[in-house]
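Q: I have a structure open and have not looked at it before. Can you walk me through it?

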Amino acid sequence: MQLPAIDTQFLIQFLTGLLNTPSPTGFAEAGIAFTEKALAEFPEFHLYRTRKGALVAALPGMKADAPRALTAHADTLGAMVKEIKGSGRLKLTRIGGFAWNTVEGEGCTVFTHDGKQIRGSILIDKASSHVYGSATNETKREDDSMEVRLDERTSSADETRALGIAVGDFVAFDPRVEVINDFVRSRHLDDKACVACIVAAVKALHDAGLKPAQQTSILISNYEEVGHGASAGLPADTTELLAVDMAAVGEGQTSDEFHSTLCVKDSGGPYHHEMGRRLRQLADECGIAYKVDIYPYYGSDGEAWWRAGANAAVALIGPGVDASHNYERTHLDALVATTQWVLAYLLS
């Protein structure tokens, strides 16, 4: 199969823009809207929102007797204001599965309910080693010891409330995006890297004047990081779903930052064997650089759909991402391989 050319400059530009668009779970509208604007450039799509706020893009195919779907998620890790402390600083509650030490020292933005954006930093409450000595190193990083130091003149709860901050406000972590030597280093490559791969694949089809083999729905979900993103929103007649999400790189894994990966099992159990076999065959035929792996602490939107009662095949692919749920990194080679794999699937 001859795959259409991929516009890698577009892929990186879209990814950089999406990474710089804050969209923590529960407050992912900006990321969804950014993706919707990009897909709206392709008139062959019918775009609509689910009642849950996810984006669905319906793409006509050469046939419609076995409709398919793709999914990736635009929501990310983040936090919400749990308490305004007497010092005027903020106590947070986590959104998604991450350890506090992975965001310690990071800049952040508090989004108030009346539309303000207030900057701050995430620190332990004993951050100054010149004041607290060994306690700075020994303090356990947990909910009760972490706080946001606001970049405002506030030293009391009342002064912070006067800024417009309240319990329940969302907090987004700075992504710190950098592209160097074809590496992309940023928070939230999970899963904005895969949204970019899908959008780049769609652009490649559009530019080549091609249609997918089957009618295809693309669901950009907005609640994946808390476990129920794609549990609703896909058409009832969908026969199979290709979930596109990051591959976990680390000790004991076959995945790396330069390949796409087929995940055959994660913490929820095995994926669909026959669909995975077909994806491997497609990758071999098209010369796509890929690995096969198992992720020990991982769940996907494909599993969310299955758990909601979907009677269809599900497989999972994605680019290798180092330091997942931390300060992440991947390489253009993995992004291109994943985009090629999505194209091969759509055209097969």
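Q: How do helix H2 and helix H6 pack, at what angle and how far apart?
A: Helix H2 (residues 29-39) packs with helix H6 (residues 189-208) at an angle of about 10°, and their axes are 11 Å apart. That makes H2 roughly parallel to H6. Angles under 35 degrees count as roughly parallel, over 145 as roughly antiparallel, 65 to 115 as roughly perpendicular and the rest as oblique. Axes are lines fitted to C-alpha atoms, for helices over the stretch in contact, and angles run from 0 to 180 degrees between N-to-C directions. Helices (H or I, at least four residues) and strands (E, at least two) are DSSP runs, numbered from the N terminus.

Q: Where do these values come from?
A: This is a predicted model, in which local features need pLDDT of at least 70 and side-chain atom pairs count only at pLDDT 80 or more, while totals for chains, interfaces and linings use all residues. Residues are numbered from 1 along each chain as its sequence is written, and side-chain values use heavy atoms, with hydrogens and water left out.

Q: Back to the helices. Which residues of H2 and H6 meet?
A: From H2 there are Thr35, Ala38 and Leu39, and they meet Val195, Val199 and Val202 in H6. Contact means heavy atoms within 4.5 Å. By class, the contact of H2 with H6 has five nonpolar residues, one polar and no charged. Here Ala, Val, Leu, Ile, Met, Phe, Trp, Tyr, Cys and Pro count as nonpolar, Asp, Glu, Lys and Arg as charged, and the others, Gly among them, as polar.

Q: What about Leu11, buried or exposed?
A: Leu11 is buried, with a relative accessible area of 0%. Buried means under 20% relative accessible area, exposed over 50%, and partly exposed in between (1.4 Å probe, protein chains only). Leu11 belongs to helix H1 (residues 8-19).

Q: What does Leu11 touch?
A: Not counting residues up to four places away in sequence, Leu11 touches Ile6, Ala196, Ala200, Leu335 and Thr339. Leu11 and Val199 are 7.8 Å apart in space, C-alpha to C-alpha, and 188 residues apart in sequence.

Q: And Thr71, where is that?
A: Thr71 is in strand E3 (residues 63-73). It counts as buried, at 2% relative accessibility. Leaving out residues up to four places away in sequence, its contacts include Ile198, Leu219, Ala230 and Asp301.

Q: Changing topic: how many cavities of 30 Å³ or more does a search find?
A: A search of the whole structure finds one. The largest cavity holds about 60 Å³ of space. On a 1 Å grid over the protein atoms alone, a cavity is a set of points where a 1.4 Å probe fits but cannot get out, and a pocket is an open set with protein on both sides within 12 Å along at least five of seven lines; lining residues have an atom within 4 Å of a point. Grid points are joined across faces, edges and corners, and a volume is the space filled by probe spheres set on the points.

Q: Which residues line the largest cavity?
A: Among them are Leu77, Phe173, Arg187, Asp190 and His325. By class, this lining has three nonpolar, three polar and four charged residues.

Q: And what is the volume of the largest pocket?
A: About 440 Å³. The largest pocket is lined by 20 residues, and those nearest its centre are Glu224, Tyr297, Tyr298, Gly299 and His325. Helix H8 (residues 301-307) gives the most to this lining, with four residues. The lining divides into seven nonpolar, six polar and seven charged residues.

Q: What about Asn181 and its phi?
A: Asn181 is not a glycine either, and has a positive phi of about 55°. Asn181 sits in the loop between strand E10 (178-180) and strand E11 (183-186), and counts as exposed at 65% relative accessibility.

Q: Last one: which peptide bond is cis?
A: The bond from Asp190 to Asp191 is cis, with omega near 5°. Asp191 is in helix H6.
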